[in-house]
Structures are given as structure tokens and as C-alpha cells.
Amino acid sequence: MSDRSRLRLLVLQVLAVSLMLTLFGRLFFLQVVSGEQYQRAAADNRTREVVTPAVRGLILDSQGRPLAQNRTTIVVSVDRTAVRKQKDDGVAVIKRLSKTLGMRESKVKGSLTLCGTKGAAKAPVCWNGSPYQPIPIAKDVSTDVALSIMERRELYPGVTAELSTVRDYPAPGGAQSAHVLGYLGPVSDKEYSDGSSGLRRTDLIGRAGLEASYDTYLRGVPGFKSLAVNNAGSVTGTVATQDATPGNYVVTNLDARVQAVAEKALKTQIMAARAGKTYKCGGGCRADSGSVVVLNAKTGAVVAMASYPSYDPNVWVGGVSQKEYQSLTAPSSNTPLLSRAWAGEYIPASTFKVISTAAAVRAGESVNSLYDCAREYKVGNLTKKNFESEAFGPITLRRAIEISCNTVFYGLGYDAWVRDGGLSPKAGGADEWFVKTARDFGLGSLTNVDLPSERPGRVVDRADVLKRWKDNKATYCKRAKTGYPEIGDRTRARLLTAFAQENCVDGGQYKGGFAADFAIGQGETAVTPLQMATVYAAIANGGTLWEPQVAKAVISPSGVVIKKFEPKASGQIPVDQATLQYIQRSLRGVATNGTGKGLFKDFPVAVSAKTGSGQVTGKDDTSWFDSYAPSDNPQYVVVMMVSQGGTGAGTSGPGVKKIYQALFGVTGSTASASRSVLPGGRLPTALPTIGKDGSIKQPAVAKR
Amino acid sequence: MSLGYPSTDVYRRRSSVDRAFDRDSTLRRLDWVLMGAVLALLFVGTLLVWSATRQRQLDLGLDPQAVLKKHLLNIIIGISLAVMTTLLDYRMLRAYAPLVYIASVVGLLAVLSPLGSTINGAHSWIILPAGFSVQPSEFAKVALVVGVAMLLSERRDGESSPLLSDLGLALGFAAIPLLLIMLQPDLGTAMVISFIILGMLAVAGVPTKWIAGMVGAAAVLGLIAIKVGVLSTYQVNRFAAFANPSLDPRGVGYNTGQARIAIGQGGLSGQGLFKGTQTNGKFVPEQQTDFIFTVAGEELGLIGAGMIIVLLGVILWRTIRIARRAEDLFGVLVATGIACWFTFQAFENIGMTLGITPVTGLPLPFVSYGGSAMFANMMAIGLLQNVHLKRYV
């Protein structure tokens, strides 16, 4: 062999050795230096988590009747990966399935697209969960259809029809309780990415009502199965399993039977007002919406609470369609989703006079004096008239409440305003007893009911007026100069310009008219029916303002009481006992000898009440009937309000009466506890018990 | 035969066995280090093939040991072929070389005809009855090594370097199968053959500038092929995807990614034979053939996979040693060609599983599953032993 050949063989040898060393070096790098990184990658590769949802806890009424429960339904789901493995990408399977289910093919296809990917259908149609989780495409499928799918597997690869649980609102006895119960909705992106809440993409969480307030109790903890999978995504074994922990039960203070009566009474009165069958609704009142609240007068426990218009809460189950959602929120259908009870704000009208009475006493008036119930009351150059311009002469405050005399309360409010210094308040600030007292009764702030989206209402004082004027002064003064040339109607434009000129100069002044209106619950004051219920509860129970509570306790599915919600006082009303008793007697007088006597004069249970007919410009009157009973030992507070419903006694009063009839078992002129919708005629103090087998027993009736 | 002499009987009975172990017997004179390394690789390869195919077969509802059995059959045939090639008369070898060459060219032509089948994108196969298939390009390697060695050594013994005419002849001789293989297209085998020819020419003593010229020309041709578009963008991307998986994310990019995960998580000592999760989860495609090294990486770790590299190194060392010690230029060139073949193929195959070389369809010698490759590799070992034994003639 030549030297050249020998040399070149050596080169080959060196090359071979260096290449093998290169391989070894790289191998060392991959396996030892960066091995950990690949171990993690491998773990991601081979495990997939499959979630077993926790069964959501029930919501029970105080007798243990389920208001929200779970029902099983046959759900048809499609395993996306399996279907797409078909030769034609699953086109034939989906076509066949759509036909079998009687659904449009485009809808089925849309449900199988992954949200956020290219060409995906819009939420809520697209799938928001893991692509490895079977996607539910139809619920409440009939057994026949389910069988035809499951028995012919070869025609429906990747399609399953299985029993699954969905939320169900059974409305026992017709008690829908839609607003109080709320509904479930999918987890939002923000909540999901928040991470801390441990939510998964497919979870449903409470979006309104009790479902939202007590979501963490009701939800439970989902279980999971960590499955070993191969490259095709088929399962090869189970790595870890964690069973789901079912959600806890929420026992409420609600009573389904009282709730049903209340809902029905409210609807009946609204329909009657619309039909022109109630007093002063001759041509038919608009009666667009309404609310009714029944509280335990001694604890603030919410026994029943309803809002009209309502809706079937089951509409949310399995996802609400765009059309359904629109009709729930549209103003044209009076926004059924909005609960008027704690999120609707209305002028309190004459029902506010109990607060004015307390305020007048604080402001130095005496309940023993006589006040002139004149035909009209002049405030500056404005004349404020009594209801139907009636005159009663000098009367007591009690009588003024009984007959709801406006001019007496105008005078009380105006006099207090004058004592505060009128337009130029006295040094050291005005006392503003009326505003202060309204706030001390809880108006203008939340009652802290255990439900979301509560509104605080509105109480406007001198400082508020001044601040608002300062904020808008520039606009008023500009308009005072330029006028409203863009408005075609010249009369209207002139009026608006005059208003702007007036406001530019003295818009910050708290005028005597404001104070007079405030005292009769008119003007800018706004309250929720629930707030008024707490006010009347405080008057009934001797002065304690309670936070209204819907939930009573949380019980585990095995029957262990996890939490009891004790009544929570939010304050005392600023009324001395003598004045309070005076007000109580006055309210009893309303029912025996005043605006409510037509309803309750011969009622076998002593009822105390106050009517209200709020005047809103351009609208029908707001009808109020606020009450409690029995008068000597108050158990219940019942407040009904119908927006644009006409008079308090005419429209709301009869509804309230029906509720008392049900509560006290009244037929004709006798009351009997045995005929009451409540067992034993009283609210239960004990909790319903839940047996080990899941059976629910109603609480024992306490002996009198 | 004389019946009265029992001692003769004893002698004769011993002869068949004992003679094989005589000091100068063929069996004793074999390169046993080479043989040991090959047998060790065959053994490890068998375990790895079994591990790679067991779960796949089970999932298909087939006999989990079916591939193992076929692999063992391949090994037995391979060893028989190696024995036959070892015992072949050295002169007969030269006589057979043109036949083998012609047979492989015919085979390669057949592949391009409707007889050929495409497996994994390469049109390299002829499917035979009873579940067997032949890949003629594997045998072409053997034919080319012997043929080119013959051409370059015919008149060259004693002279220092081949003439330009010999060079041309050798290149022309190699060009036909090379072209046919390129048409399949089987880029991997074409590169192996190019490297074999280059190495043999270099050791045959071709002047350095000619070699440099050939390498340069190949590079220019390659560039032109890419620029002009002879190779589709897809092919170029496939080739480059080892470095940038996003060029072919569903194909090569996925393969290399999964391969690296398998090897990377093996660590120092591996997850244990048959216990690799990547392997049992079938995440690495073509794992029993081209990506067999990932099974070693995952289940046997650095120790086991490193051992495979060491064993291949031993084979290369012995092969080059045989080349250096060969009696004649033919022997030198045959051993050189085989050394180039194994060096390039081992580096390319393991390199692609480690993500440092392009992914091409080349099996790992002695380890991967596949009959044609096994037979060709074992014939090469037989040739090496043949050259080795010639020293003692």
C-alpha cells in the first residue's frame, strides 16, 4: 500500500473517531445536561386530564323542598379527535348525526369548532373546553334516538349518548323564584386565567342570585382522571384519580308555598291593573313591572321575594341562545332579567311618611300637636296640592298618616328647611333631619342582602345638589346664552333655555320645594322594595334594621351542618320608643280607619300598613303597599310595589292581603294556623335534615 | 477406512470439530473482535426492535412477537450470508462482482417500474409475496463497494495512483445506480454511496486536487438543484427541518421533536427495557427502523445508547484495521468502502435522532429492523472477514 493510501486511511480513521465522539457528546448533552427539560416534555406528551364534574349542591327552601336541583338527561357528545380521524374528516358522520338528532348540520359543525381558532363559530356556540374532552352537542335527547346511536356504533364513530346531570329549577308549587335563584353560566376568560379560583374551562359558575352568592359552597370540587395516552390520543391507562366532591346544599329562609302565593298575587295584581280592574286604573294602568317582598319581621329573613316580569330559570340550562338572552334583557319586554326587588329603584311616595314622622320629631315637632291638612300648600310661587285636593282641617300626625295627608308633611318638611336656614343655610351647617333620618333608616345604602347586583337607591341632600350644580354649571350657563337651536320644537327649546338660565344662576340652591317633596317621598328619592321592607320590619320589631338574608344554612350532602347564617343587625332606627309606638299605632290606624281600611278593617289578623301612590311625570303612579302583621306581635313584613300600577291600596293592597290570607290561613273572617301554607302556621326554626341516603326531611314544627 | 484402528476412528471423529479450532483453522483466524461487536449489536438491536414493536403490534391486535420473529429470521439469514461471503473464494469474489452489480441495477430499475412500492415517501421497495419486501438500493451498496474496488485495483497493484481513465470508469460505474437511487428519491442512500466512492477513490490514491474538485462539483450541483427547483421546496424543507422543525412541523419536525423527547428523558440509565413511555406510547414514528436509536436512548439511557456508539466504533476500528493490513489493493479498497459506508450511515442515522443531521431514511447498521439492510450489512461483514482471512493464505 502506498504512503498516500496509508495516510488517507488514517484520515478516515480520525474522521470516524471524531464523528462517533460527536454523537456521544450530543447524546450526553441531551440525556444528562438537558434531560429534565425532556422529562417534562414527555410527561405533557403522555398524560391528559379528564375532568369529572362535581355534582352541584341543591338549593332548598326552609322546609327542605328543592328550589334548584340536578336532573339527568341524555346528552349526545362527540369526540372531536375520533371523528376527525375518519377518512373524510368525519363529514359523513356529522351529516348522519345531524339528521338523527334533527339538528342543522351547520349548527353541529359549529359546536365542534374550538373557540378562538380560525374559522370557529361564535361563542357560545363554539367549544370552549379541552379538545380532548367529548363535546356535548345535544341535551334532552330521547331514549329512542340515544339507542339508535349507541346500538349502531359503526355508523357513529366517536359519538356517545350518555346520561349526564344538568341544573334543574323545579318550581315547587309554582314557586319559580327565578331572580332569587339566579342561574349558571360558563367561566369567563378572565376568571379562567385568574387561576386562583381553580376553575376549568368547562365549569359552569353562578352568574346571578343565590347561584352566584353561594357558588363556592354549591360548586363542590371536580374530580379528575389523569390518563396515560399514546400518540394517537388513545388511552393506555390511568395515572391518577381524584374523585369529585359534591357541592353543599344551601338551605334558604324562603318558603316555596309562600313564594308561590306571592308570585301569583303579584302577577294577578299587575294583570288586573293592566286590565283596568283596580281602583283608579280605569283605562288600564301600564303596570310595567312590580315586586313583592315577604320578610320575617324579627330577623330580616327573606320568606319570599319576587319580581315581575319573570322568566323560567331553566332557559339557562344547557346554554342560552342569543335570541333568548335578548328577550331576557330587552327593554321592550321590560327586562325580565332585572330583579325589581333589590335592583329596581322607585320613589317611595307616601310609604316614606313613617320616616318623615320620625324626622319631624327629631327636628323638634311634637306628636301631640295638631297640623293643618289643607287643600293645598304654597311653597314660594309653587302650589302643592293634597291628594284629590281634599281638605281635612287641623288633624293629628297619626290621622295625617292614616289618611296620607300630603299638605301636613309638606309643611313639616318645609318648616324644617326654614329652620335649617332656607336657601342660605345657617352657620355650622343645616341639620337636615329629614335626609339624615332617611339615611339612618338605611335608604341610599345597600341592605347587604346576600344577593348580587343590589342597588342602593338615592337620598339627595344639600351638598349633593351643590356638587351636581358645580359639575354641570358650565353647561347650563353656556346653554343659557346659546339656547337650544338644534331642537325644532320652539316651545320646548324655550322652556329648556329658561331652565338652563335658572340653573346657571342658582342651580346649587337646595330649594324649599325639594324639602317639601322629600317629606312626602317624592322628588329625587329612590328606594328598592327590599329597602322599604327592612324599614317596616324595623318599625314592627321595635327598631332593629336587619340585613335581609335569603340563605339560612349550608349543609353537606351527607347532612352535616357546615354553616348557619345568624340574623345580622345593620343598625337601630333613630326613633325613641314613644314615637315608635305612636308610628306603630298610626300604621294600625291606616288598616282600621285610613287608606287601607277597605282591605283590612274586618281582617281576622291585625295588620299595620301604609299605602303609597308615587307620582312620576309622564307615567302612571307607582303603587306601594307596605305592611306588617300581626300588629301586636309582628311576624311578617309584606311589601308590594307595582310600577305604574296606580294607587297603593287599589293595586298592591289586594295582593298583600292574599299573602296574609295564605300566611295566617284566613278564610272569610277566621284565621286558622292549620290552614296556613306554613306548617303549624309559623316559620320553622329548625333546619330540614338530610339523611345519609340523601333523603330530605322537613323540619319539625315547633310547639307554640 | 481400516476397521482395525480405533484410534483413526477417534481422530476422524474429532477432525470435524477440532480441526475448526486448530491454530490455523478458518474459524480461529476470523476477526473475533469484529464478530463480537457485530453479534453484540445484533443482540441489542433484537431487544430494541422487540420493545419498539411489541405495543404497536398489540394495539393492532396482532402477535406482539411477530416482528421480533421476522427480525430473528433476518439475523439468521444474514449470518448465513456472512458465512457464505466469508468462505467465498477471493477470486470468485471478483468474478461474482459484475453479476451482483448487474443484479442490483436491474433491481433498482424494477423499483422505478410499476413493480416498485413507496414506503414512507421513498420509492425504494419491491414487495414480494408472504409479507416480504426487498430494497435493492441496500444491495447496490455491496455491489458498488466490490465493483469499484475491482475497477480501481485491476491494473493498479504496485502503482501509486490510478489514472484519470480509471477514475472516469469508476465514476461512470457508480453513476448508474447512484442516478437510479436519486430518482426514487432516496437521498440518504445516495449520500452514503457518494461518501463510499469518495473514500475509496481517496484511499486508492487519487490526487488531492481531483478529490477537492469532485467535492466542489457535488456542492455546486447540489446548490443548482435547489435553486433551479429540481428539488421541491417540500424536499428542501424536509431536509432542513432537523435544524428548524417549523419547516415541516407535521412530518420531520414532529419526528425529531418526539425523538429528542424520547432520548432526552432517558437520562443516564434509561427507563428500563420495555418501559419507555415514549416508546410504548408510539410517539416516535418509524421507531423500529430509522429511529431505533431512540428506543435505546429512552430505555437504556446514556449507558446503553453510548454502548451502541462504542460498539459501532469498534466495528469501524476493526474495519479500518483490516483495510490497513490487507494483502492487496482490492482488499484495502473493499474494507475502506465498507468503513466509509458504516461511518457515514451510523453518523447520519444516530445524528438525525439526536437532531444534528437531516432526517433521511437510513437504518442503523446491525440494529434496525429490515431484511435488505441486514443482509447487505452482514454480507459486508463477510467481505471484511474474507479480506481478513486472505492475509493467511
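Predicted model: local features only at pLDDT ≥ 70, side-chain atom pairs only at ≥ 80, totals over all residues.

Guide: Helix α3 of chain B itself covers residues 32-59. Its 28 residues, at 1.5 Å a residue, should span 40 Å, and the end C-alpha atoms are 41 Å apart, so the two values agree. The helix also has a kink: α3(B) bends by about 30°, centred on B:Thr53.

From this helix, turn to the side of chain B that touches chain A. Here 40 residues of chain B are in contact with 33 residues of chain A. The elements of chain B that each supply at least two residues to that side are α8 (187-204), α11 (252-264), α12 (277-280), α13 (292-325) and α14 (329-354). Of these, α13(B) gives the most, with 12 residues. Sorted by class, the side of chain B that touches chain A has 20 nonpolar, 17 polar and three charged residues.

Across in chain A, there is an open sheet of three strands in the order β1-β8-β9, with antiparallel pairing. Its edge strands are β1 (47-52) and β9 (235-242), each of which pairs on one side only. On average, neighbouring strands of this sheet are turned by 25° against each other, direction ignored. Strand β8 of chain A, residues 223-229, pairs with β9(A) in the antiparallel sense over six bridges. As for bridge partners, A:Phe224 has A:Gln242 in β9(A).

Definitions and conventions. Residues numbered from 1 in each chain as written. Chains lettered and ligands numbered in written order. Contact = placed C-beta atoms within 7 Å. Helix = DSSP H or I, 4+ residues; strand = E, 2+ residues; numbered from the N terminus. Nonpolar A, V, L, I, M, F, W, Y, C, P; charged D, E, K, R; others polar. Pairing = 2+ DSSP bridges. Axes fitted to C-alpha atoms, helices over the stretch in contact; angles between N-to-C directions. Expected span 1.5 Å × (residues − 1). Bend = angle between axes of the 7 residues up to and from the residue.
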